[in-house]
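Work through the exercises below with the sequence and the model at hand. Each task is followed by a solution in steps.

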Amino acid sequence: MAPKAIIAPSILSADFAQLGADCSSTMDQGADWLHVDIMDGHFVPNITFGAPVVAKIRKHVDKPDAKLGRGTFDCHMMISEPKKWVKEFQKAGCDLYCFHYEAAFSSAAESPEAKTDATTSPAELIRYIHGLGLQAGIALKPATGVEVLTELLESSVPEEKPDMVLIMTVEPGFGGQKFMASELPKVQALRQRYPDLNIEVDGGLGPGTIDQAADAGANVIVAGSAVFGAKDPAEVISLLRTSVDSRAGKL
């Protein structure tokens, strides 16, 4: 059975003057998770916010009572040294720490102030994240082929397997970009090979593009302006969910 639809509005499109209230309202309108975009100005050209903001909004949204359950903070770490920040975001209330494959061959230091010449790897980083009690996601930029994930997804070591794969359908770094349908073959390839995998898509998703993503097999849907900018966010969330669930298991 294909995994259920998970709708994860991106708070990058929320009103930052009332961020906690917006997060709470979005959950009340039917969201499953909140997608929290963390950008450092190095891995991507933009800068958003850090762990202190996550800790503040965590107070407005109940922690999930099950793995990947309702209220999950899906932290998309668009940062150049992801291992350094796992503990900080765990303390802040992150539930799912999703790093970029392209950034995973970086410093093995375990805190922002630590220094080391040692480097990490995707498998080691997933083990580390799991060891801290978090779920682990791994994201791919459009230029990265999906085949780089095969070894991880088929690992004989459970602690090295990601709980979710994120396929970017825009170039990471800014909200409001045009949806890149060219990335959907990656989603389809993953769904055909790993029918139970949580596959997330992020970038340009909304009522006009959701059917393409759902047809390809995506089940975790990130939508920013399409939800937060809607006259009726609950209606949009429901539409996204219906599109995914009506196609579940058809590939």
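**Exercise 1.** Which residues of β6 are buried on one side, and which on the other?

Solution. The model is predicted, so local features need pLDDT of at least 70 and side-chain atom pairs count only at pLDDT 80 or more, while totals for chains, interfaces and linings use all residues. Residues are numbered from 1 along each chain as its sequence is written, and side-chain values use heavy atoms, with hydrogens and water left out.

Step 1. Helices (H or I, at least four residues) and strands (E, at least two) are DSSP runs, numbered from the N terminus. Buried means under 20% relative accessible area, exposed over 50%, and partly exposed in between (1.4 Å probe, protein chains only).

Step 2. In a regular strand the side chains alternate between the two faces of the sheet. Met-164, Leu-166 and Met-168 are buried on one side of β6, and Val-165 and Ile-167 on the other.

Step 3. Five of the five residues of β6 (residues 164-168) are buried, so the strand is largely enclosed by the rest of the structure.

**Exercise 2.** Identify the strands that pair with β6 and trace the chain onward from β6.

Solution. Step 1. Strands pair if DSSP finds at least two bridges between them. Four bridges join β5 (residues 135-140) to β6, in parallel, and five join β6 to β7 (residues 198-202), also in parallel.

Step 2. Ile-167 is the bridge partner of Leu-140 and stands opposite Val-201 in β7.

Step 3. From β6 the chain passes through helix α6 (residues 184-193) to β7, a right-handed β-α-β crossover. Right-handed means that, with the strands pointing away from the viewer, the path from the first strand over the helix to the second runs clockwise.

**Exercise 3.** Describe the salt bridge between Asp-32 and Arg-241.

Solution. Step 1. A salt bridge is a side-chain nitrogen of Lys or Arg within 4 Å of a carboxyl oxygen of Asp or Glu. For Asp-32 and Arg-241 the N to O distance is 2.8 Å.

Step 2. Asp-32 lies in the loop between α1 (19-28) and β2 (33-39), and Arg-241 in helix α9 (residues 233-245), so the pair ties together parts that are 209 residues apart in sequence.

Step 3. Asp-32 is buried, at 15% relative accessible area, whereas Arg-241 is partly exposed, at 22%.
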